[in-house]
Amino acid sequence: MIVVIGAGAIGLGIAWRASQRGLPVTLVDPEPGGGASHVAAGMLTPVGELQYGEEQQLRLGLDSRDRYPEFAAELAERTGIDIGYRKEGNLSVAYDTDDLAFLTDQHRFQESLGLRTELLTGRECRRLEPMLAPSVRGGILAPDDGSVDPRRVVRALLAACEDVPIVRRRVREIVVEGGAVRGVRLEDGDVLAAERVVVAAGSWSAELADLPVRPVKGQILRLHSPYPFLTRATRGLVRGFSMYLVPRPDGELVVGATQEELGFDSRVTAGGLWELLRDARTLFPGVTELEFKEVSASFRPGSPDNSPILGFAGPDGLLAATGHFRNGILLTPLTADAVADLLEGKEPPEAIRPFGAARFAPTGDSR
Amino acid sequence: MDMTNMTDTADPLVIAGREFGSRLVMGTGGAPSLHVLEEALLASGTELTTVAMRRIDPAMKGSVLEVLDRHGIGVLPNTAGCFTSGEAVLTARLAREALGTSWVKLEVIADEHTLLPDPVELLDAAERLVAEGFTVLPYTSDDPVLARRLEQAGCAAVMPLGSPIGSGMGIRNPHNIELIVERAGVPVILDAGIGTASDAALAMELGCDAVLLATAVTRAQRPALMAGAMRRAVEAGRAARLAGRIPVRRLARASSPFEGLATAGS
């Protein structure tokens, strides 16, 4: 038996792929799909959000991004649910001269890695997205990036996992005997026996296993537009602050997100909302006309290097699939395939190799 | 004593009676990840590092505070993000309660576009915090008069800016920094505006006792490499200051004498 702790996009993806291969899987989560997956914006932008020193993460992101068309098609065929996958590129725009200097430098870096991106003038940006403020100075189009609707991803994965038992309870601890995993003990003391346990519990993973994951709070809001407002996921740099807007075909417009190191503090704050709306209005003056639908906060599972922790970790039979930070939705298809490979005893995709738990070993004990 | 390297044990930075071997104070904002930040802090050799109290939960596992603790780096809580004296005082009190330190980097910002200090609010907050027993290190503009007033208010150091926070424009008014240094009875820490290593060296050559920087390292392409450069720049600038630079001359002066040279036919 295999227990997957956590039924967010990552855990559901793993359970689905594993069950497709005939492996006996059980999911455990008190609230399937209720964590970060429910709040995430769903940008698939490994190119648009590339940072210096993160070339390995880039390869991981590109690999997973390019699995999305098939992932979406398979889920649609299996469940009839469209996960809202769109490949309309990612636009990054600069508000002032300093922001443009930053983007120009980013474009040079992207080009040096052979990535397909295009540096645009302000007017060219506005031809792509006419609602942009006339003062926008320029931008970068990463045409191969895209977006997906995480809530639909979760819904589709839940439907695809209809044959997978889901235990709607909290895990108190992972049972380990003689250096090997024996199962999980639930909050009420019951034990689910298992030879293998996958920790896909997002920010809560550190409470279950020796994994260096911390919650990084994000506040995000959802507006609704009755008319076409935005075509593609757009990231804005506004006087050094970074924010983004992601449109959905049904008119939803996601505006995100704060990034706060405040532990498990899920409060929505006036300041968080104000920052998001301030910058959204600066870039898109028309947002003030849109209907306000929702505001939420959740926790990105952050590892010390912002990259996921994938593969065997600690006692025999324990696998980690956590620490995806801002990229959980992006990395879902690859993580699901790779962990299913590991569970089946197959060689996982090359791209995940640098992301084992062992890389944190020297400091892992003094967390 | 090894006079070629006075920067470590022989020449400590002393603030409010506390000694530091390193004259580089680091900030933590802007790093792409905790791991990158950790590497950069180690490469910088810093012994004191500022943390924005409004941006962290001191009780959280795996936070930047744990990184500092792991390497024995002192924490200097700051009041970043405060626009009024009242907010800054409140933030300092919360920091003291949460971290058990009465040291605070006092930052009261006038507006969010320039992030320049608000001198009136700053002096007010400094007076209130000193009265409450805090060791106050105020981030101030490069105004020699204000620096003096802050010192008179009981601040343990003064921290004038070189140029606006995060701008990397270096030291825009070296003359004012020199004036502040000449008249100060407390350590002067150049805070904000450092872009690259030569800026940090210049600050020390002007007579500053230390340099505080963050963005120049955390947003560099290779933060750890830049942190090492800053460490050496601060050491080099300090040594040059102590060594005593030569006066600037208008015309050349040969380093070896012309007198007594052998001439043809002699």
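**View 1. The contact between the two domains of chain A.** In this predicted model, 16 residues of domain 1 of chain A are in contact with 22 residues of domain 2 of chain A.

**View 2. The division of chain A into domains.** Domain 1 of chain A is made up of 2-53 + 151-213 + 304-364, and domain 2 of 90-143 + 215-300. Taken over C-alpha atoms, the centres of domain 1 and domain 2 of chain A are separated by 29 Å.

View 3. A:Asp99 is placed in helix α5 of chain A, which spans residues 97-112. A residue counts as buried if 20 or more other C-beta atoms lie within 10 Å of its own; A:Asp99 has 23 within that distance and is therefore buried. Leaving aside residues up to four places away in sequence, A:Asp99 touches A:Ala94, A:Arg137, A:Leu237, A:Val238, A:Arg239 and A:Gly240. A:Gly256 lies 157 residues from A:Asp99 in sequence, and the two are 18 Å apart in space, C-alpha to C-alpha.

**View 4. The side of chain B that touches chain A.** Here 19 residues of chain B are in contact with 18 residues of chain A. Two helices of chain B, α1 (34-44) and α2 (64-70), each supply at least two residues of the side that touches chain A. Helix α1 of chain B gives the most to this side, with three residues. Sorted by class, the side of chain B that touches chain A has six nonpolar, seven polar and six charged residues.

**View 5. The fold of chain B.** Chain B contains nine helices and 10 strands. The radius of gyration of chain B is 20 Å, close to the 18 Å that the globule rule gives for 266 residues, so chain B is as compact as a globular protein of that length. Along the principal axes, the C-alpha atoms of chain B fill a box of roughly 85 × 40 × 40 Å.

**View 6. The interior of chain B.** Of the 266 residues in chain B, 48% are buried. Among the contacts in chain B between residues at least 6 apart in sequence, 62% join residues at least 24 apart.

Conventions: Residues numbered from 1 in each chain as written. Chains lettered and ligands numbered in written order. Predicted model: local features only at pLDDT ≥ 70, side-chain atom pairs only at ≥ 80, totals over all residues. Helix = DSSP H or I, 4+ residues; strand = E, 2+ residues; numbered from the N terminus. Rg over C-alpha atoms; globule rule 2.2 N^0.38 Å. Buried ≥ 20, exposed ≤ 12 C-beta atoms within 10 Å, placed from the backbone. Contact = placed C-beta atoms within 7 Å. Nonpolar A, V, L, I, M, F, W, Y, C, P; charged D, E, K, R; others polar. Domains from an automatic or database assignment.
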